Amino acid sequence: MKFQIDKTDGNARACTITTAHSVIKTPIFMPVGTVGAVKSLDALDLKEILDAKIILANTYHMFLRPGSKIVKEFGGLHGFTKFDRSFLTDSGGFQAFSLRTNTKNDDDGIHFKSHIDGSLHYFTPTSVLDTQYDFGSDIMMILDDLVALPADPKRVKLSIERTIKWAKKAINYHLQKRESGVGLNQNIFGIIQGGTDENARKFCAQSLCELPFDGLAIGGLSVGETNREMYDTVEAVMPYIDSARPRYLMGVGTPEDIVENVERGVDMFDCVMPTRNARNGTLFTSFGKINIKSARFIHDDMPIDPCCDCYTCKNYSRGYLNHLYRAREITFYRLASLHNLHYYLHLVSDIRTAILEGKFLEFKKDFYSKRS
């Protein structure tokens, strides 16, 4: 992986990440393809309509079904899904945490029951990498010890101790595998934990920065804390994260979250929000959100957002989308998801342009002005 900083504007950054499968201009939003598919969309939608350069697939879900060996048989995620650009795969630790049934973390990994059939499994720092080697993902996330917030200080301390220990195991294992010819085109990111405790975040960040990860992520946020606590935590930890590597804020978030955290120096984002909200009828626009199922849209022949040039807005009206939603027509999910993901991808693209022009603060002011 190659990484370069193209321009900064305050702490906001415009960067370029080059993997074996695509060139990624940051800030970037990664659509979430949990089981190897972004819900209601296929690889052609992602490439030809949305022009997505990187998407996320979930290690936990694909480990359980269909299994990493089957994905490997088809040439990894790229061959299996036919999305031939970059993939980032998470470690599965968050899903083992959030979908847990009698989950138990110990000093060496995570014991959990499958949410599908109740079968017992154990994730370790090395086993999740073996799974991701089979997937052939461009960016692999390590296993970390996640805690819900608010958390007891003792649990936060244990979390960062385990996360650092697991990070050392993971990076050493990855370097050994590369020496044997495995994972040569795959990159590995460390994950910084520490809840909303600034000292814990600082210690974890400094410890991980000493290790040769290709990038660094901030995990364990948007799990119960307020938005202000999240922003303050990111701002507090950012000075301790190596500026010469990509910075990824995991599982975040709203358009406002993206703008605020780019301002604080984050390069990469992912979240299920645009597609999940789309399926529930909530659509993002330059002036805020609308709920398309509202009766006020029944006779509305306008596009979702007159300022949007996405496939859906260029071809269909609010009235038609209102009808599709009320009729529970599957087509609605595709059209709404295309619009919301277009909105997110163009939001980060517009932010990048503003950074390159030295006008990020003007962009931010205009962004909020339109919403008011």
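Trainee: In this predicted model, which residue is the bridge partner of His-111 in β10?

Mentor: The partner of His-111 is Tyr-122 in β10, and this pair belongs to a set of 4 bridges that join β9 to strand β10 (residues 120-123), the two running antiparallel.

Trainee: What makes β8 and β9 a pair of strands?

Mentor: Two strands pair if DSSP finds at least two bridges between them, and strand β8 (residues 104-106) and strand β9 (residues 109-113) have 3 bridges in the antiparallel sense, so they count as a pair. One of the bridges is that of Asp-106 with Gly-109 in β9, and the hairpin that joins β8 to β9 passes through 2 residues. In the hairpin of β9 and β10, by contrast, 6 residues lie between the strands, and Gly-118 takes a positive phi near 80° there.

Trainee: Why are α10 and α14 called roughly parallel to each other?

Mentor: Helix α10 (residues 255-263) and helix α14 (residues 330-356) pack at an angle of about 25°, with their axes 11 Å apart. Angles under 35 degrees count as roughly parallel, and therefore α10 and α14 are given that description. The crossing in which α10 passes α14 is right-handed.

Trainee: What makes β4 and β5 the edge strands of the open sheet?

Mentor: The sheet has 9 strands in the order β4-β15-β14-β13-β12-β11-β7-β6-β5, with parallel pairing, and β4 (28-30) and β5 (32-33) are its edge strands, each of which pairs on one side only. Elsewhere in the sheet, strand β13 (residues 215-218) is joined to strand β14 (residues 247-249) by 3 bridges, and Ala-217 stands opposite Tyr-248 in β14. Helix α8 (residues 198-209) packs on the sheet, where it touches β12 (187-192) and β13, and its direction makes about 160° with that of β12.

Trainee: How do you know that Arg-162 and Asp-145 meet in a salt bridge?

Mentor: The distance between their side chains, N to O, is 3.8 Å, and the cut-off is within 4 Å, so the pair qualifies as a salt bridge. Arg-162 lies in helix α7 (residues 153-179) and Asp-145 in the loop between β11 (139-141) and α7, so the pair ties together parts that are 17 residues apart in sequence. A search of the whole structure finds 23 salt bridges.

Methods
Residues are numbered from 1 along each chain as its sequence is written. This is a predicted model: local features need pLDDT of at least 70, side-chain atom pairs count only at pLDDT 80 or more; totals for chains, interfaces and linings use all residues. Side-chain values use heavy atoms; hydrogens and water are left out. Axes are lines fitted to C-alpha atoms, for helices over the stretch in contact, and angles run from 0 to 180 degrees between N-to-C directions. Angles under 35 degrees count as roughly parallel, over 145 as roughly antiparallel, 65 to 115 as roughly perpendicular and the rest as oblique. A crossing is left-handed if the near helix is turned anticlockwise from the far one by less than a right angle, and right-handed if clockwise. Contact means heavy atoms within 4.5 Å.
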